[in-house]
Amino acid sequence: MNTELLIQLLVNGTIIGTLYGVVAMCFTLIYKSTKIINFAQGEFLLIGAWVCWWILNQFDISFIFAFLLCLCFMMLLGILLQVLILKPMIGQPIISVIMVTIGLSIFFQAAMKWIFGVAPQPFPIVFETKSVEILGLNVQTAYIMSMAISLVIMVGFAWFFKYSRMGLAMRATAFDQQVAQSMGISVKRVFAMSWAISAMVSAMAGIVVGMVNGVSTGLSHFGIKVFPAIILGGLDSIIGAIVGGLIIGILENLAEFVDGQYLNWGNMYNIAPFYVLIIILMIRPYGLFGTKDIERI
Amino acid sequence: MSGSEMLPCGDFRTSYKADSTIFSTKWIRMSAVLTIVGCLFIPFIFDLYVLNLMIQIAYLGIAALGLNILVGFTGQISLGHSAFFGVGAFASAYMNNQWGIPVFLAIPLAGLWTTAAGMIVGIPAGRIKGLYLAIATLAGQIIIQDFFSRAGWFTGGAYGALAEPVTIFGYVFDTDERFFYIALFYLVIMYVLGTNLMRTRDGRAFIAVRDHYLSAEIMGVNLTKYRIMSFGISSFYAGVGGALFAHYLGFVSVESFDLLLSIQFLSMIIIGGLGSVSGALLGTVFMVLLPEVMEFGVSLLATTTWGDIPAITEGLAYIKEMSIGLAIVLFLIFEPEGLAHRWSLIKSYWKLYPFSY
């Protein structure tokens, strides 16, 4: 048994897992407040990464500045999507809501391919050292930064929902829209905010992944990979999203280890999470932390 | 074909038979028969390009009707329809190549094979619904696609499988002109079956499950049975469509049956109209013609001086893909009831012409 490889894969899994967790969190945020399943989450990563890449290549400005500009753009995009496209969907059946986000995802994916091409593009170098050694393991600097950013985002989310006025309003809206509205909360603004935050945070994740692997269409796979994480953690639980993301990240790396060392079936890295997804849906569809659906007649 | 058509004044239905009739007047029945007879002459009139599009419409339309039975009539969302389309294609090619079953028989048998596959997937799906079902079928699509690339004995793996042309009594349907009749035959049969299914007890049960599953259960509709049955029927349609696809192209490869095709099937029924038999066909026509229209538009742009830039002429594939996404979004916002609804509006506008109130 190759212990070193196993540990390396576990570390990678944890880091990728936190990224899944962040994306899943954004997904859950939208689902909680607007009851919309966003199939275009992966495209937020893609758009964010490409826009940041474009700004960095086009203008001679520092990374932090480009990063902030990109976030502003994503905020506008999120609000625009909510106002123009998802608002008319309120009250429509589930299939329409799902399909409209799928339509958006196809549109954005093709548009990004059209504008930026299909070849992966390397990100301009942000850090001088490419990788550092921690406890005898090679870890890329960008991964450490991604870990740090993810943790900051998670703490930020916790603070936002516990103490800030807007966060409390969002929680109230998620709990009961009508009551929230009659207490003077602008539900429209809450909806727009949740899309804006979700788009911004996803874009951060996209930029981080882009820095490590280069920016390419492959980024949008995150949008599909995130489903097992969400179902595992529970569709409407933010903590569940983080835990689910971590578990799926570690699990797919473990699957790759077992596959590569013993089974040699191939492609288990991509497929294993979906088997988990089906099993979870069979035995516990509300996931680890989600609220159980109780039906009244 | 649907019961929501406008009736002439004074025509009241007095029996259940009259209420559930497919053709409400003699004229409609005659024109339907005449349309089918007219279709028989299509290969003599149009060129290969049009014929190819029509055959595409036929096999995709059959599969789309299956999806409409599942999504539009029973209300079960499936993101994995192209996987079943693929099962049908591979099953038909496999039965013909390995067991020597004649192709004409292999096509409906492939439908039955796919029905079995669909019902197996449908058993877990009988327990979950709505969003969860959509996500579960998405996982199913990915898993079955992975199975295709693994199961070399069944699909030929990365090389794909060869499919023989249809042969009846030594007569080979290998050109587009000849295959058109096979496709038309199946299209008519499957659509007549589909329309009739919705008039039966089972069809009404499907609609009851969609409209309010709790009420349906209280009325005595067995939810699990009808959900699984709906999956089975929809897979049968997908299987027949897929088998036609295989024997038309003569070659089936693993890559054809991806998530994008599933989404295209869904967009066909949404654009055509959920819960409408004729809508499935209308939507298929729209989705098959959309890329062609885009190609035409791009070639028109290329003749102008400002439109003849590489960004447009070389980006044709992406423009086609974007147009699919855009069509879905625009239809859902502006015409959520689909083309079938729009068509009936146009018809009633002309019927009532000067006095539309």
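## Basis

The model is predicted: local features need pLDDT of at least 70, side-chain atom pairs count only at pLDDT 80 or more, and totals for chains, interfaces and linings use all residues. Residues are numbered from 1 along each chain as its sequence is written, and chains are lettered from A in the order in which they are written.

## Chain B

Chain B has 17 helices and four strands. These are DSSP runs, numbered from the N terminus (helices: H or I, at least four residues; strands: E, at least two).

The C-alpha atoms fill a box of roughly 60 × 60 × 45 Å along the principal axes. Of the 357 residues of chain B, 43% count as buried (20 or more other C-beta atoms within 10 Å of the residue's own, with C-beta atoms placed from the backbone).

## Interface of A and B

In chain A, 31 residues are in contact with 31 residues of chain B (C-beta atoms, placed from the backbone, within 7 Å). Helices 4 (94-116), 9 (221-233) and 11 (268-283) of chain A each give two or more residues to the side that touches chain B. Helix 4 of chain A gives the most, with 15 residues.

## Helices 2 and 8 of chain A

The axes of helix 2 (residues 41-58) and helix 8 (residues 187-213) of chain A come within 7 Å and cross at roughly 65 degrees. Axes are lines fitted to C-alpha atoms, for helices over the stretch in contact; angles run from 0 to 180 degrees between N-to-C directions. Residues in this contact include Phe44(A) and Trp53(A) of helix 2 and Ile207(A) and Val209(A) of helix 8.

Note on methods: Contact = placed C-beta atoms within 7 Å. Buried ≥ 20, exposed ≤ 12 C-beta atoms within 10 Å, placed from the backbone.
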